Amino acid sequence: MSTITATRATGRARHLRLALTALLAAGAAVGAPFYFAPFQVFQLTMVLVYAVALAGLNLLVGFGGQISLGHGAFFAAGAYTAAVMLDRYDTGHLVTLPVAAAGCFLLGLGFGIPALRLRGLYLALVTLSFAVFLPPLLKRLEVVTGGSMGLTVDKVQPPAWSGLAEDQWMYFVALAVAAVALLLARNLLRSRVGRALLAVRDNESAAEVMGVRLSLHKTLAFAWSALFAGVSGCVYTWVIGYVSPDSFSFVLSITLLAGLVVGGLASLYGPLLGAAFVMYVPSVAQDISDAAPGVVFGLLIIVAMFVAPTGLAGLAGRVRSTAAGRLTRTATGSDRNAGPEPAADVKPPPESSAPPSPADPAPADAEPVGTPPRTEKE
């Protein structure tokens, strides 16, 4: 009973700690645009945009066990869907979001068919080819996409009642989209689809024996991943207000995959950490060396993987576990050094002048405990 009570108390303490952490994170996220400069608010907005794309890539690579080097193509598809709708058809910004999500979901569903027969490096090569040929294709479709010049669209403007600047309002829009996307990814992983993805990643043969349809869930992994990338690309168009084929080269796909690995595969917090890495580390590399920022960026990735082989999310978990272990050892050592507590003064019972009476001896014919009673024949 005491073990059950202790377990419940530990669970309540953990939930309380998570709730307090979530409240602090929410308070910091809401107050950030009022504290930082406009350019820094723009950087935070882009971190949220990339976090949505990395959340989708995490479903495919981290939890699905597949590999994709063409995630930037789905990102570009969502961005151009929003840009074409805003520029050619003059639709509202909110209308472009579900259209981009649905279009990229169908695109990922169709593109997931080759994933049924390919795996490993072969699947990576096919996805990379998709990221390579898409920018030239966008340049060819000049009537729709604007060609090499791209398209310029209006940014999302804050309503008059909000009293916010343009960068602040756009930050809150990206924050709302990122919160919904991350919550959707979390709930998806806790559903039957998420458990099936984990089973396929760990052992395809065992998952098939347990009744998991490999073809269905592999295709759905690409579809959900493309949906998140399309939503991210759509919000990217809202924030930047301009799209061009050169903005979505295959380098973007490599950068997104590197950001996810550095942030932490199969982690709910990995996409946020990886998005911060994708946003800030290239700027740091540019500040360190204007001549060769790519070299510095590559070296920083190597250093990050050497320090945190399981990603920044895994590094945070290891630091927390190490600190908890040291605190436990310190507390145990202090208890040992303290020694046993001195016993309280206890007065001895008063001595009696009469000698103690011996206990009454058991009768000779007494039966031992547990033996059957004697019968008359015995």
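Guide: Let's talk about the pockets, then one histidine.
It's a predicted model, so to speak plainly: local features need pLDDT of at least 70, side-chain atom pairs count only at pLDDT 80 or more, and totals for chains, interfaces and linings use all residues. Residues are numbered from 1 along each chain as its sequence is written, and side-chain values use heavy atoms, with hydrogens and water left out.

Visitor: What volume does the largest pocket have?

Guide: About 1,700 Å³. A pocket here is an open set of points on a 1 Å grid over the protein atoms alone, where a 1.4 Å probe fits, with protein on both sides within 12 Å along at least five of seven lines; lining residues have an atom within 4 Å of a point. Volume is the space filled by probe spheres set on the points, joined across faces, edges and corners.

Visitor: Which residues are closest to its centre?

Guide: Of 43 lining residues, Ala25, Leu182, Leu268, Tyr269 and Leu272.

Visitor: OK, switching topic. Where does His93 sit?

Guide: In helix H4, residues 93-111. His93 counts as partly exposed because its relative accessibility is 21%; that class runs between buried, under 20%, and exposed, over 50%, with a 1.4 Å probe and protein chains only.

Visitor: What does its side chain reach at 2.8 Å?

Guide: The backbone oxygen of Asp154.

Notes
Helices (H or I, at least four residues) and strands (E, at least two) are DSSP runs, numbered from the N terminus. A polar contact is a pair of N or O atoms within 3.5 Å; within protein, one must be able to donate a hydrogen and the other to accept it, and residues adjacent in sequence count only if both atoms are side-chain atoms.
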